[in-house]
Amino acid sequence: MARRKIIAGNWKMNKTPSEARELCALLAPLVKDADTDVVYCVPAIDIVPVVEAVKGSNVEVGAENMYIEEKGAYTGEIAPDMIVDAGAKWVIIGHSERREYFKEDDAFLNKKVLKAFEHGLTPILCCGESLEQRESGVTLDWIRLQIKSDLQGVTKEQASGMVIAYEPIWAIGTGKTATADQAEEVCRAIRECIAEIYDTDTAEKIRIQYGGSMNGGNCKELLAKPNIDGGLIGGASLKAEFAEIVNYNK
Ligand code: PEP
């Protein structure tokens, strides 16, 4: 079964609302003929202007984070309903920067994944190993543990439609990309893990992205691998180069 590729930008803590509109205008003509799904995951304050800017186009919008409660005294947090009402359809969960700087652990991330589904948001669930873990040979064990913990209670139907982003921490924002073979090895292991948790049908449907310094130059080789169904793009999502990745097959 051919899975449609999905290229998602993770803007991180970049772009004011005015700058976000400008970036959408710059990218609009460049991504409009994409054969891939295209998603911009943007800071909370940019969701409304970006949804407005991409209206009627092939681009969908995602949040970069979300809290696990419905509403109330959680100063500074953003509720799932707020994201949905603003018009976003996706949410990044478990990015390594959230895991590291905000101490989000797998038990908490599992709650976020379940909450996202409860509200009709599709998670882009991130996982990935540190350089130390890779060098000590525990990468696949670590990734399996993250996936199994984060997907507790997620149904087969939900898992089929979601996205997992494999992002080796040592490759994020460093300019040091995993080789296509390294990325493929882990993405294949993630698919096997999904088959173990659910079944082969679910494993064939779920989309698995690679993320970590993907750019216009290296995207073709990475996206040619059979288990890499797209990319989660940080730095290169903030410029016209993002369109080179979206149009990698043209
Ligand atoms: C990311 O933050 O998800 C990411 C992949 O960043 P970069 O592309 O800059 O490495």
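Guide: By class, the shell around the ligand (residues with a heavy atom within 4 Å of it) consists of 4 nonpolar, 8 polar and 2 charged residues, where Ala, Val, Leu, Ile, Met, Phe, Trp, Tyr, Cys and Pro count as nonpolar, Asp, Glu, Lys and Arg as charged, and the others, Gly among them, as polar. This is a predicted model, in which local features need pLDDT of at least 70 and side-chain atom pairs count only at pLDDT 80 or more, while totals for chains, interfaces and linings use all residues. Residues are numbered from 1 along each chain as its sequence is written, and side-chain values use heavy atoms, with hydrogens and water left out.

Of the 14 residues around the ligand, those that come nearest are K12, E167, G173, S213 and G234. Among the polar contacts (pairs of N or O atoms within 3.5 Å), a backbone N or O atom of G234 lies 2.8 Å from a ligand oxygen, a backbone N or O atom of G235 likewise lies 2.8 Å from an oxygen atom of the ligand, and a side-chain N or O atom of N10 is 3.3 Å from a ligand oxygen. Taken alone, the ligand exposes 290 Å², of which the protein buries 96%, with accessible areas computed by the Shrake-Rupley method using a 1.4 Å probe.

Terms used. A polar contact is a pair of N or O atoms within 3.5 Å; within protein, one must be able to donate a hydrogen and the other to accept it, and residues adjacent in sequence count only if both atoms are side-chain atoms.
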